[in-house]
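This briefing is for a reader meeting the structure for the first time. It begins with a single residue and then goes through the topics in turn.

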Amino acid sequence: MAELITFICKRTVVSTKPVQAGKTYPLSVLDRHMEVNHLRMVLYYPSTGLPTKPGEITTKLRESLAVTLTNYPIITGRLQKNDKEQWMIKCNDAGVRMIEAKARGSLEEWLRNVDREKELMLVYWEEMYHKPYFWSTFYVQLTEFEDGGLAIGLSCTHLLADQTCATMFIKAWANTTLFSKMMHPPFFYPLPQRRPGNRKLNQKPYTALINHYKTSISKSIHIVDAKHTTVTLVFSDDMVRACIAMAQPIDGTDKSSPTPFEALSGLFWVCISKVKGVRNGLVDMSIRMDMRKVLGLDKGFFGNCMVYNKVHLEGFQEDNLSQAASSIGEVVAKMDREGIMDLIEWLVCKDDRSQSFMNGCDLICASLEGVDLFSIIFEDVIVPIRVSCYVEPVSGLGQVLILPAKPGDGELSRVVMVTLPRDEAIKMCEHDLILRLSPTILMDVNKP
């Protein structure tokens with residue numbers, strides 16, 4: 001398979017302006033609890049149809065990346081421990097690694113045959129060195145297809161950024177390439193703190209959320225190198241509306257209708273539980289939500305704001321989608337500002353530098369509905385024709401990522417990326433509830 005991709009070179013791209021000497025950035029408690037994970041994203045762009053010289057596209061993108069990095073000193077810096085043995089970033093203009101590659105054939109042919117293993121070849125990643133001060137926390141891979149088309153891959157440690165941050169950075173790079181300026185600069189500041197005496201009277205801490213993190217921290221990290229595959233399914237606007245109708249509580253009202261995330265995550269919770277052989281009840285599941293709006297943070301906030309929470313359901317009736325979606329909705333509703341502030345305060349007090357693996361045991365279902373990768377345009381009117389997102393490594397019971405689909409596919413349309421052991425992924429695609437909705441499968445287990 002390696003002959004499909006030819007790696008041309010690996011470079012270091014630095015910012016065009018030096019950073020302030022001695023500048024450092026501390027990492028938050030939400031950052032530090034994502035140390036074990038990393039992100040990978042791939043965006044596919046069709047050919048512009050215009051003749052180009054060899055290396056012209058990559059040179060242009062490399063130069064605009066250097067300009068973009070001027071506003072992202074945290075990305076070009078390197079990890080270092082502070083006097084409390086906690087990670088921080090020392091801004092030293094060490095740059096990011098860029099990999100340039102060529103792929104055989106056309107982009108269209110690649111997309112017809114791509115699977116998880118092939119796609120991950122388009123997004124370079126290196127694990128942290130034993131000397132982290134020399135390790136790049138961000139990697140960019142540009143892969144040009146011989147017969148036209150481009151794949152842009154970004155990978156980074158989850159310690160510095162979540163999917164929203166990574167998307168913000170790629171969009172800033174695209175704006176710099178297309179318009180020669182950045183539309184929305186990032187903001188680097190700490191997570192909010194409660195003002196003294198600002199807690200509501202008789203307000204009890206959100207112990208369920210705190211206990212979920214407490215349990216995850218106490219468990220030892222054990223990553224099993226299982227053979228997983230990833231299935232990508234596209235649900236049209238009509239399909240999502242049908243799923244919401246299936247998940248509607250009995251005697252429910254419009255106000256009690258589940259959101260697209262609640263309906264779809266409930267759907268996959270039920271289906272995956274069935275293929276894993278659970279007869280009475282459902283597998284353990286945690287949801288993963290972006291808390292920026294809840295905390296009142298600026299859209300440009302750069303740092304981890306994804307929070308995990310356990311979903312509990314007792315007395316489940318077989319294939320009862322409304323029960324599953326309602327349980328998810330109840331947990332989402334409880335994740336308000338006060339509850340998240342309770343978690344942040346507990347993590348700050350608890351912070352003992354213990355590593356946690358939040359993706360470790362449960363089925364993880366993440367809402368990435370604010371991650372708008374299809375709006376990232378590097379060349380005028382050339383939009384991505386497909387995007388993919390991964391949170392690695394995948395362990396536990398599997399992973400479900402729910403993202404927006406192309407804007408033209410309808411307001412409620414969604415892309416769902418499901419990562420499971422291969423045999424379970426095959427059975428999931430054959431589940432009655434999935435077949436009833438008939439989503440389009442873009443990347444499946446039957447690709448050659």
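In which loop is Glu85 found? Glu85 sits in the loop between β4 (78–81) and β5 (87–90); helices (H or I, at least four residues) and strands (E, at least two) are DSSP runs, numbered from the N terminus. The model is predicted: local features need pLDDT of at least 70, side-chain atom pairs count only at pLDDT 80 or more, and totals for chains, interfaces and linings use all residues. Residues are numbered from 1 along each chain as its sequence is written, and side-chain values use heavy atoms, with hydrogens and water left out.

**Backbone details**

- Phi of Glu85 is near 60°, a positive value in a residue other than glycine.
- Glu85 is partly exposed, with a relative accessible area of 46%; buried means under 20% relative accessible area, exposed over 50%, and partly exposed in between (1.4 Å probe, protein chains only).
- Asp93, in the loop between β5 and β6, also is not a glycine and has a positive phi of about 55°.
- Glu392 and Pro393 are joined by a cis peptide bond, with omega about -10°.
- Pro393 belongs to the loop between β13 and β14 (398–404).

**Nonpolar cores**

- A nonpolar core is a set of buried Ala, Val, Leu, Ile, Met, Phe, Trp, Tyr and Cys residues joined through side-chain atoms within 4.5 Å.
- The largest nonpolar core has 79 residues, of which Tyr44, Leu65, Ile75, Phe138, Trp173, Phe302 and Phe378 touch the most other members.
- Helix α6 (residues 163–179) gives the most to this core, with 8 residues.
- In soluble globular proteins, nonpolar side chains tend to be buried together.

**Helix α2 and Leu65**

- The 14 residues of helix α2 (residues 56–69) should span 20 Å at 1.5 Å a residue, and the end C-alpha atoms are 20 Å apart, which agrees; the expected span is 1.5 Å times one less than the number of residues.
- Buried residues of α2 include Thr58, Leu61, Leu65 and Leu69.
- The buried residues of α2 pack against β1 (5–13), α3 (73–76), β6 (96–103), β7 (138–145), β8 (150–157) and α6.
- Not counting residues up to four places away in sequence, Leu65 touches Val13, Val96, Met98, Val140, Phe169 and Trp173, where contact means heavy atoms within 4.5 Å.

- Phe378 is in the loop between β12 (363–367) and β13 (386–392) and is buried, with a relative accessible area of 5%.
- Beyond residues up to four places away in sequence, Phe378 touches Tyr45, Leu61, Ile152, Ile170, Trp173, Ala174, Thr177 and Leu178.
- Phe378 and Leu178 are 200 residues apart in sequence, yet 5.5 Å apart in space, C-alpha to C-alpha.
- Ala174, found in helix α6, is buried, with a relative accessible area of 1%.
- Leaving aside neighbours within four places in sequence, Ala174 is in contact with Ile376, Ile377 and Phe378.
- Thr167 also lies in helix α6 and is buried, with a relative accessible area of 5%.
- With neighbours within four places in sequence set aside, Thr167 is in contact with Met41, Val371, Asp372, Leu373 and Ile376.

**Largest pocket**

- On a 1 Å grid over the protein atoms alone, a cavity is a set of points where a 1.4 Å probe fits but cannot get out, and a pocket is an open set with protein on both sides within 12 Å along at least five of seven lines; lining residues have an atom within 4 Å of a point.
- The largest pocket holds about 990 Å³ of space; grid points are joined across faces, edges and corners, and a volume is the space filled by probe spheres set on the points.
- Its lining has 33 residues, of which Thr164, Asp290, Arg292, Lys293 and Gly370 lie nearest the centre of the pocket.
- The largest share of this lining, 6 residues, comes from α6.

**Helix α9**

- Helix α9 (260–275) is among the elements that each supply at least two residues of the lining of the largest pocket.
- Of the 16 residues of α9, 15 are buried, so α9 is largely enclosed by the rest of the structure.
- Gly277, which follows α9, has a positive phi, near 85°.
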